[in-house]
Number of protein chains: 6
Amino acid sequence: MMRLTRRYRFSASHRLHSGDLTADQNRDLYGKCNNPHGHGHDYILDVGVSGPLDRSTGRVVAVPSLDALVRDSVLRDLDHRNLNADAPEFAQTPATTENLAIAIRQRLLEHWPAAWPRLETVRLQETRRNRFELKV
Amino acid sequence: MMRLTRRYRFSASHRLHSGDLTADQNRDLYGKCNNPHGHGHDYILDVGVSGPLDRSTGRVVAVPSLDALVRDSVLRDLDHRNLNADAPEFAQTPATTENLAIAIRQRLLEHWPAAWPRLETVRLQETRRNRFELKV
Amino acid sequence: MMRLTRRYRFSASHRLHSGDLTADQNRDLYGKCNNPHGHGHDYILDVGVSGPLDRSTGRVVAVPSLDALVRDSVLRDLDHRNLNADAPEFAQTPATTENLAIAIRQRLLEHWPAAWPRLETVRLQETRRNRFELKV
Amino acid sequence: MMRLTRRYRFSASHRLHSGDLTADQNRDLYGKCNNPHGHGHDYILDVGVSGPLDRSTGRVVAVPSLDALVRDSVLRDLDHRNLNADAPEFAQTPATTENLAIAIRQRLLEHWPAAWPRLETVRLQETRRNRFELKV
Amino acid sequence: MMRLTRRYRFSASHRLHSGDLTADQNRDLYGKCNNPHGHGHDYILDVGVSGPLDRSTGRVVAVPSLDALVRDSVLRDLDHRNLNADAPEFAQTPATTENLAIAIRQRLLEHWPAAWPRLETVRLQETRRNRFELKV
Amino acid sequence: MMRLTRRYRFSASHRLHSGDLTADQNRDLYGKCNNPHGHGHDYILDVGVSGPLDRSTGRVVAVPSLDALVRDSVLRDLDHRNLNADAPEFAQTPATTENLAIAIRQRLLEHWPAAWPRLETVRLQETRRNRFELKV
């Protein structure tokens with residue numbers, strides 16, 4: 001069993017705000033991340049894939065195919081976008097990096113071919129100090 | 001003569017759009033950076049200061065004072081903000097990193113104490129691939 | 001279940017020396033890390049926290065609270081300090097990064113609120129080449 | 001139980017080509033990595049070792065001994081070499097990073113002293129975007 | 001005046017060998033870089049461009065045009081290639097990073113449009129420890 | 001003319017304290033860097049050398065010779081040392097990074113062979129946020 005972790009990057013803006021909370025509670029909870037016009041980040045996405053090696057090719061997965069899947073299901077909609085305005089997942093849900101990781105896992109699983117080695121982890125880095133990881 | 005380069009970071013969102021151009025020209029020129037709801041980056045700001053050494057302290061500048069000046073004149077207004085909506089410099093001017101570097105140089109010069117060693121360079125990194133530098 | 005890894009940094013000095021060993025054995029074992037007046041590093045501490053997501057806030061833990069706990073229980077005592085002279089854990093115990101990771105885990109657990117998601121890993125990087133990880 | 005991850009680097013060249021495939025299939029599968037005269041990378045090798053702490057030394061493993069083993073069994077043969085021409089493992093097997101990780105695990109295990117804490121993971125980074133990990 | 005530094009990456013293999021020297025002299029001079037079958041690196045190329053700002057676009061140069069020029073004149077021929085076998089500049093000349101920087105400067109200047117802001121520096125990083133810079 | 005910048009690393013401890021100042025002034029000026037038992041850093045030293053290319057070797061300087069000079073004149077005395085206790089330059093002078101850069105320039109110049117290309121810059125990074133550069 002071999003695990004490949006492949007890295008992608010995208011730049012997006014967001015504003016942290018929860019509809020379940022008052023304006024004061026939002027400011028207390030999210031601090032400057034609640035600023036009304038939003039801000040942005042250069043996100044780093046690490047996709048972890050785990051499976052046996054194909055003996056004739058020496059590869060665990062065809063990387064160009066993986067790149068195409070991530071581009072079409074994740075990057076096309078999120079890169080150089082405003083998460084709150086452009087991604088339907090955040091119409092009602094706070095656009096935290098935790099929820100963004102969940103949305104990306106969902107997008108990947110919807111398009112993941114049954115014949116591929118399995119998607120094992122989704123890891124998303126918001127800034128150099130914060131990294132969120134989901135098992136699949 | 002000693003040059004200190006001190007690094008600061010801030011996260012902001014922006015949309016590249018020029019009022020001098022048509023919608024089509026804007027899309028052609030700025031590509032996905034012209035997406036209507038904007039996107040964001042984690043900017044890296046390097047402030048270069050150059051001067052003689054103070055013999056008794058062994059320092060070229062008091063770093064806490066420099067930090068306070070950068071915080072009050074630059075970071076407070078730009079960090080976790082939307083450049084187009086929150087920074088008056090970009091009401092009429094495209095929020096490119098080039099113009100952002102010019103705005104930061106202007107903000108620093110307005111508050112720079114005459115007794116300090118001189119501000120020599122302002123360098124601003126938008127992504128890992130793009131770095132803009134201005135002499136002062 | 002979501003895992004957050006949050007990064008902290010601190011600068012400290014130390015000297016590797018074991019009271020169980022002779023001077024020669026110490027020099028053989030620790031090499032230049034046994035130099036009598038010590039040396040120092042910029043440590044990187046990654047604190048891993050694992051738990052379910054709070055649906056209304058979209059967060060796994062309140063990061064400002066985590067920062068306060070790490071600052072008060074770890075950084076205040078260790079940052080810009082000499083581990084051998086300033087940290088009671090190393091009065092009798094060699095100040096290796098392994099033992100430092102154990103000391104940090106102990107300090108975190110002593111103050112960890114029962115209501116928080118659980119502390120899962122403590123990872124400590126001494127230099128770019130050495131990283132130590134403890135499960136909790 | 002403590003896990004040490006120690007980092008090594010080496011520079012090598014390779015050409016991806018499988019003897020099981022036609023020339024066209026090789027070009028389709030490996031793309032520019034199939035270019036006839038090869039290309040190269042600066043590989044990063046992370047060796048993960050896991051075991052209990054030695055109480056008197058405060059170390060999980062003697063790092064100079066680990067360095068000597070990795071140097072003698074891996075780096076001496078692979079650093080500044082052409083994998084296809086210089087490493088016998090790739091006489092018949094494609095020199096993918098997956099197969100390189102397997103070869104390195106095998107080389108380490110052949111020389112691993114029984115008294116040492118166990119070799120837990122071999123992780124090999126080909127470029128900043130691709131990382132392969134093997135459990136041992 | 002604004003200076004943009006834009007970063008590119010390519011992976012190539014080479015062997016250091018000078019036709020002016022004997023086999024022994026080559027081994028003495030270049031060490032393991034003279035190994036007969038070569039080795040490889042992930043090169044980092046920083047292209048520095050300096051000029052005035054276009055007021056209506058807020059840009060110093062059109063980055064997509066710059067990317068196309070670097071891709072067509074440099075990366076297409078050098079990325080995933082063997083410098084000695086694939087690049088005519090190194091038929092007679094040792095493929096050191098110094099000579100590679102000179103070759104890249106020449107390739108850029110041959111295609112540099114007269115209307116563009118001027119090419120100011122070519123900087124080439126072979127490994128994390130070695131960086132070579134040429135003024136233009 | 002070609003400029004080579006070569007990177008070295010060393011780990012050292014220090015305490016910032018000026019004999020020209022009172023205890024209170026030292027605390028005000030240097031903050032936690034004045035803590036009595038000191039602290040430490042992993043310094044990064046970039047040595048910049050500038051000269052013409054040797055046509056037969058394609059090199060601006062023999063890197064192994066440069067490495068030997070830096071090792072013997074700088075690293076041997078400063079790496080894994082306490083600057084205040086082990087380096088004579090800081091017996092009376094505060095061990096700031098500015099003064100450390102001056103000391104390193106002096107050590108390099110004392111041993112710099114007349115036949116070499118000239119030493120152009122000494123750049124010293126204390127932490128990721130502070131970089132000091134001296135022209136020679």
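Student: Is R123(F) buried, partly exposed or exposed?
Tutor: R123(F) is partly exposed, with a relative accessible area of 21%. Keep in mind that this is a predicted model.

Student: Which residue does R123(F) form a salt bridge with?
Tutor: Its partner is E133(F), and the closest N and O atoms are 3.7 Å apart. The pair links distant parts of the chain: E133(F) sits in strand β5 (residues 130-135) of chain F, and R123(F) in strand β4 (residues 118-127) of chain F, 10 residues apart.

Student: And E133(F), buried or exposed?
Tutor: E133(F) counts as buried, because its relative accessibility is 13%, and buried means under 20%.

Student: Why would those two side chains pair at all?
Tutor: Side chains of opposite charge can pair when their charged atoms come close.

Student: OK, how many salt bridges are there over all chains?
Tutor: A search of the whole structure gives 90. Some share partners: R3(A), R118(A), E120(A), R7(D), D46(D), R123(D), E133(D) and K135(D) are joined into one network that way.

Student: Let's look at one bit of that network. How far apart are R118(A) and E120(A) in their salt bridge?
Tutor: Their side chains meet at 3.5 Å, N to O. R118(A) is partly exposed at 45% relative accessibility, whereas E120(A) counts as buried at 13%.

Student: Over to chain E then. Which residue does E89(E) form a salt bridge with?
Tutor: That would be R107(E), with the closest N and O atoms 2.7 Å apart. This pair also links distant parts of the chain, 18 residues apart: E89(E) is in the loop between α3 (83-86) and α4 (97-111) of chain E, while R107(E) is in helix α4 of chain E.

Student: Which of the two is buried?
Tutor: R107(E) counts as buried, at 10% relative accessibility. E89(E) counts as partly exposed, at 27%.

Student: Still on charges: where do R9(A) and R9(E) gather?
Tutor: They belong to a patch of positive charge on the surface, together with R128(B), R129(B), R128(D) and R129(D).

Student: Where is R9(E) found in chain E?
Tutor: R9(E) is in strand β1 (residues 2-14) of chain E.

Student: And what is the relative accessible area of R9(E)?
Tutor: The value is 35%, so R9(E) is partly exposed. A residue has to be over 30% to be part of such a patch, and R9(E) is at 35%.

Student: New topic, the fold. How many helices and strands does chain A have?
Tutor: Chain A has 4 helices and 5 strands. Along the sequence, they come in the pattern β-α-β-α-β-α-α-β-β.

Student: What size of box do the C-alpha atoms of chain A fill?
Tutor: Roughly 60 × 25 × 25 Å, taken along the principal axes. As for burial, 57% of the 136 residues of chain A count as buried.

Student: Now the symmetry. What rotation superposes chain A on chain B?
Tutor: A rotation of 180° with 0.0 Å of shift along its axis does it, and the RMSD is 0.0 Å. The two copies are thus related as by a two-fold rotation axis.

Student: Which residue of chain A comes closest to the rotation axis?
Tutor: G40(A) does, with its C-alpha at 1.7 Å.

Student: What about chain D and chain E, what rotation superposes them?
Tutor: Chain D goes onto chain E by a rotation of 180° with 0.0 Å of shift along the axis, at an RMSD of 0.0 Å. In chain D, the C-alpha nearest the axis belongs to G40(D), 1.7 Å from it.

Student: Last one, backbone angles. What is phi of H80(B)?
Tutor: Phi of H80(B) is near 60°, which is a positive value in a residue other than glycine. H80(B) lies in the loop between α2 (63-78) and β3 (81-82) of chain B. At 9% relative accessibility, H80(B) counts as buried.

Student: And what is phi of H80(F)?
Tutor: For H80(F), phi is near 60°, again positive in a residue other than glycine. H80(F) is placed in the loop between α2 (63-78) and β3 (81-82) of chain F, and H80(F) counts as buried at 9% relative accessibility.

Key:
Residues are numbered from 1 along each chain as its sequence is written. Chains are lettered from A and ligands numbered from 1 in the order in which they are written. This is a predicted model: local features need pLDDT of at least 70, side-chain atom pairs count only at pLDDT 80 or more; totals for chains, interfaces and linings use all residues. Side-chain values use heavy atoms; hydrogens and water are left out. Patches are made of residues with over 30% relative accessible area and no salt bridge: like charges are joined within 9 Å, nonpolar side chains (Val, Leu, Ile, Met, Phe, Trp, Tyr) within 5 Å. Accessible areas come from the Shrake-Rupley method with a 1.4 Å probe; for residues, only the protein chains shown count as cover. A salt bridge is a side-chain nitrogen of Lys or Arg within 4 Å of a carboxyl oxygen of Asp or Glu. Lys and Arg count as positive and Asp and Glu as negative; His and the chain ends are not counted. The place of a charge is taken as NZ of Lys, CZ of Arg, CG of Asp or CD of Glu. Helices (H or I, at least four residues) and strands (E, at least two) are DSSP runs, numbered from the N terminus. Buried means under 20% relative accessible area, exposed over 50%, partly exposed in between (1.4 Å probe, protein chains only). Copies are superposed by least squares on the C-alpha atoms of residues with pLDDT of at least 70 in both.
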